Amino acid sequence: MLFNSAAYLVFLPVVVAIYWFMPFRYRTAFLLLASYVFYMTWKPIYLVLIVALTAFNYFAGIAIEKQKKQRKLVLIASLAANILTLAYFKYAYFAIDATNSVLAIAGRKISYPLHEIILPLGISFFVFEFIHYLVDVYKGSPAVKAPLEFALFPSFFPTQIAGPIKRFQDFVPQLHKPAKITLKDFDEGVELILWGLFKKVIVADSIAVVIDKCMPHPEMLSTFDCWSLLWAFAIQVYFDFSGYTDIARGSAALLGFKVPLNFNLPFLAGSITEYWRRWHISLSLWLRDYLFFPLGGSKHGTIATLRNVMITFTLAGLWHGAGLNYIIFGAMHGLWLNLNRLWRIQVEKSTTLLKLTETKAFHCFGVLLTFNCLAVTLVTFRLPSMELSGRYFQKLLMLSPQTANSVNPWAMTIPSIEGPANFALFPVILISIVIGHLISNQIQGKSQPGVLPLPKSLQALRPAYLAAIAILLLLFAPDGTPSFVYFQF
Amino acid sequence: MPSSPPPTLPTKVDSENKKRALGAGPSAFDPTGKDSIGTDGIAQPASGIKVVFKSKVFQAAALVVLANLLLVVTNPFKGVDPDSLPTLKSWVFWTTQDYRQEVNPKVVMLGSSLLMNSVWMQEAEHLQKNVDIVVNRRTRYLESVISKYINGYEGTCFNFGLPGSMVSDDYMIARTQFDKGHTPKVMVLCLGPRDLMDTSFSCAGATTAFKYLERFTDTKDLLDIAYTSAWPKINFMLREYIYFVDKKYHSQSVLGEQAKGALNPVFAKVAAPSAFNVKTDFDKQFAFYRSEVEKGVFIAKPNAQTDSFYDNGKDWKKRFKNSNDEMFDNQKIWLNKCLSEAKAKGIIPVLVNMPVSELGIKYIPPQVYKRHVDTLVEMSAKYDCPYVDTMKEGKFDMKDFSDYGHMDASGGKKIVDIVGRTLAADPRTRAALTAPTVANEGSN
């Protein structure tokens with residue numbers, strides 16, 4: 001069941017209504033049941049997987065807590081079980097395929113049989129939550145004793161499929177207080193859901209039409225088109241994923257739960273380091289706590305830090321999907337982060353550079369540079385074939401061989417494409433999204449650096465603003481239910 | 001274990017987020033809040049109404065309802081010719097445009113791409129010139145075949161075959177297009193097994209043709225058979241009561257066209273032509289799979305008979321992977337309605353069982369094929385209309401097919417020959433075709 005489906009628009013109000021009219025002691029059980037129903041609407045058989053993993057980790061957590069001598073062994077064994085499960089579903093096919101390719105190159109006639117493995121929805125997210133749980137229990141946090149509460153932690157339906165990645169210390173205590181829902185929570189929840197749907201349905205899906213048609217065909221585009229598409233794709237992914245997160249947070253709010261923020265205007269980041277503090281925050285925190293720190297963090301000198309960052313982000317790339325393209329995507333982020341770190345070391349040594357970096361002009365330059373660095377990493381993220389990514393990079397860098405039919409590299413051709421209005425409107429859509437997003441954040445009362453806040457009187461426009469969003473959704477909602485980009489991970 | 005944060009990691013923002021996550025800050029979860037609308041599952045009706053009115057969401061909802069009422073009352077789209085509204089330039093759109101140019105055609109052939117393609121290809125052979133099926137649907141070859149059997153025959157014949165068309169679409173054509181000045185004497189319903197049970201469709205109301213044609217008529221009476229599952233039905237009801245949903249396509253089209261109209265002159269100056277607009281041979285060959293087409297994309301050339309065969313076995317198998325009894329029963333109702341509609345308008349329906357290639361028939365379960373043929377026979381008896389089984393009448397071989405189901409010009413020729421012969425031979429259709437045409441005749 002997708003958040004942007006009609007089924008969810010019925011499922012959520014029904015669950016919310018029953019939840020609040022149900023005696024407190026039954027609410028956890030009811031939410032668990034609802035979450036399992038939500039999961040089963042996709043593929044009932046994989047409910048067995050999430051239930052089995054939950055049971056395993058429940059007992060593993062208690063065992064780690066109780067064990068005096070063998071704690072580390074139990075932790076390692078249980079972490080291995082989780083990671084192997086993830087690896088099987090996510091990477092087995094890729095690994096066998098890669099092995100067969102290597103064997104073929106080596107001239108061996110042996111090849112291992114390939115069976116298509118359907119990736120269980122949300123596995124990357126709930127396995128990360130289990131790992132966090134086991135490690136934190138090992139470090140001294142008390143294990144969750146109530147089985148239903150523990151079972152609800154990974155399966156909680158608003159965050160089940162694509163996060164945000166929760167921490168059990170934040171989530172489980174919320175099950176203990178007999179909460180009331182306030183008007184503020186209700187309004188905030190509905191607003192978040194509306195705004196999330198708008199981001200997904202109106203913005204991300206409109207851009208997706210152009211991206212899906214054009215990006216796989218770099219030979220038919222100019223260099224300028226290729227850059228525009230990358231900017232647009234960055235915006236699409238942001239609106240798609242942050243739209244999903246808003247709906248998740250809004251749904252949770254209607255049930256009286258707070259789940260972590262995942263985005264904080266990432267495209268206003270002045271550096272790639274800052275970008276990762278603003279983008280997919282729950283993942284970057286997880287990577288820090290459960291990968292970067294255990295690798296040694298930044299305590300062992302520059303070289304070791306650079307290495308740890310590289311390993312962390314390459315693995316983060318692999319977490320996104322099984323494929324060389326995702327590994328390169330992650331490695332590029334690692335590279336940008338390391339270059340940024342080396343630059344900051346230089347800045348700290350030079351007063352002139354320090355002053356320069358504190359100017360507004362430099363910040364603007366930093367924002368543009370960061371956005372473009374990020375955009376470049378999205379080539380392999382979007383295009384699954386390395387050969388195709390290679391051709392796209394060639395076009396981006398004007399390295400494609402010129403022929404008589406080559407498009408002028410500086411030409412803008414996308415608005416000329418015959419088809420839906422999206423193509424004709426392409427530049428307008430991109431510009432208006434940026435302006436519209438800034439204004440809507442102001443109306444929602446979110447401050448942002450470098451943007452003047454709207455007068456308070458304009459806050460009274462909020463109902464009209466919400467009504468406008470609802471009307472736009474009614475007018476422009478597609479007939480189908482396009483999937484979210486991050487559902488595949 | 002290191003404790004200092006790495007360069008990439010959140011500090012201040014993070015701690016703020018964490019606080020928020022735990023319920024602190026401006027969006028804090030407030031269990032003692034005055035605005036609480038429930039406590040431990042027990043509603044508080046006394047303060048409930050006041051609370052609801054204070055809600056920004058409620059105020060927004062009230063605004064939406066008001067705007068909706070205003071639009072329902074004023075109805076800015078009222079009086080607008082539905083045909084003049086911008087729409088997706090789909091096959092049904094072009095064909096309807098072409099059909100509206102025909103005054104009282106004598107014969108209209110209805111069916112899916114199995115009919116459309118083959119008859120059109122044969123048309124190019126017959127005329128010995130290029131024929132653009134997007135804008136030229138008249139079938140002069142059928143006219144010539146009928147003339148061969150009926151001396152002095154006059155009248156036009158029209159190929160209303162549409163890619164992916166189901167019987168329900170045929171009914172919608174008969175209901176909305178066969179009106180005054182556009183009522184044929186004979187309606188030839190050319191049906192293959194797919195047209196009654198295609199497994200790739202969810203419901204009758206989901207096809208592009210149905211969505212386009214329903215703008216010409218009020219479809220309330222069709223609700224139960226057009227939308228057989230709950231969601232499409234709910235969607236239909238929403239359209240009935242929510243103006244924004246009802247006029248969704250109109251609004252999208254109008255806004256899209258206006259935006260294009262305003263921006264295209266600007267971009268014509270600054271944007272270069274796109275390579276995406278150049279249609280490849282592949283695009284042209286498989287244009288019937290596209291939802292939107294344009295003039296010139298699908299042109300049949302004479303003497304273009306080739307032995308090329310496109311393996312669409314996967315698609316074919318998908319369409320027949322099960323017997324889809326539910327869809328079949330539903331489409332049978334539409335077939336009844338279609339034949340009744342024709343009879344009520346004074347049109348003589350003719351049922352034609354379309355040929356299937358020897359490769360294609362292997363993937364149709366025998367009982368499914370038998371059910372299809374039996375149904376056509378049963379219907380022809382029930383409605384007292386001619387029926388012809390091309391699988392018995394014609395000698396089709398694989399050379400007549402360009403894939404598992406579609407035929408090329410030679411197949412089209414055989415089909416049209418059979419249809420023409422049948423129309424001339426059957427006394428009911430012969431009488432209708434030889435009756436003098438009165439200007440502007442036809443039922444409304």
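Is B:Arg138 buried, partly exposed or exposed, and what is its relative accessible area? B:Arg138 is partly exposed, with a relative accessible area of 24%, where buried means under 20%, exposed over 50% and partly exposed in between, for a 1.4 Å probe and protein chains only.

The model is predicted, so that local features need pLDDT of at least 70 and side-chain atom pairs count only at pLDDT 80 or more, while totals for chains, interfaces and linings use all residues. Residues are numbered from 1 along each chain as its sequence is written, chains are lettered from A and ligands numbered from 1 in the order in which they are written, and side-chain values use heavy atoms, with hydrogens and water left out.

**View 1. A salt bridge joins A:Lys199 to A:Asp246.** The N to O distance of this pair is 2.7 Å, a salt bridge being a side-chain nitrogen of Lys or Arg within 4 Å of a carboxyl oxygen of Asp or Glu. The pair links distant parts of the chain, 47 residues apart, with A:Lys199 in helix H8 (residues 183-214) and A:Asp246 in helix H9 (residues 223-254), both of chain A; helices (H or I, at least four residues) are DSSP runs numbered from the N terminus. Both A:Lys199 and A:Asp246 are buried.

**View 2. Two salt bridges of chain B involve B:Glu143 with B:Arg138 and B:Lys220 with B:Asp218.** In the pair of B:Glu143 and B:Arg138 the closest N and O atoms are 2.9 Å apart, and B:Glu143 is buried at 9% relative accessibility. In the pair of B:Lys220 and B:Asp218 the corresponding distance is 3.4 Å; B:Lys220 is partly exposed at 47%, and B:Asp218 is partly exposed at 46%.

**View 3. Helices H20 and H21 of chain B pack at about 90°.** The axes of H20 (residues 409-425) and H21 (residues 427-434) lie 5 Å apart, each axis being a line fitted to C-alpha atoms over the stretch in contact, with angles running from 0 to 180 degrees between N-to-C directions. H20(B) and H21(B) are therefore roughly perpendicular, a class that covers 65 to 115 degrees. In the contact (heavy atoms within 4.5 Å), B:Thr422, B:Leu423, B:Ala424 and B:Ala425 of H20(B) meet B:Pro427, B:Thr429, B:Arg430 and B:Leu433 of H21(B).

**View 4. The sulfur of A:Cys214 is too far from the closest cysteine sulfur for a bond.** That closest sulfur, in A:Cys226, is 9.4 Å away, and A:Cys214 is buried at 0% relative accessible area. The structure holds zero disulfides over all chains, a disulfide being a pair of cysteine sulfur atoms within 2.5 Å.

Conventions
Helices (H or I, at least four residues) and strands (E, at least two) are DSSP runs, numbered from the N terminus. Angles under 35 degrees count as roughly parallel, over 145 as roughly antiparallel, 65 to 115 as roughly perpendicular and the rest as oblique.
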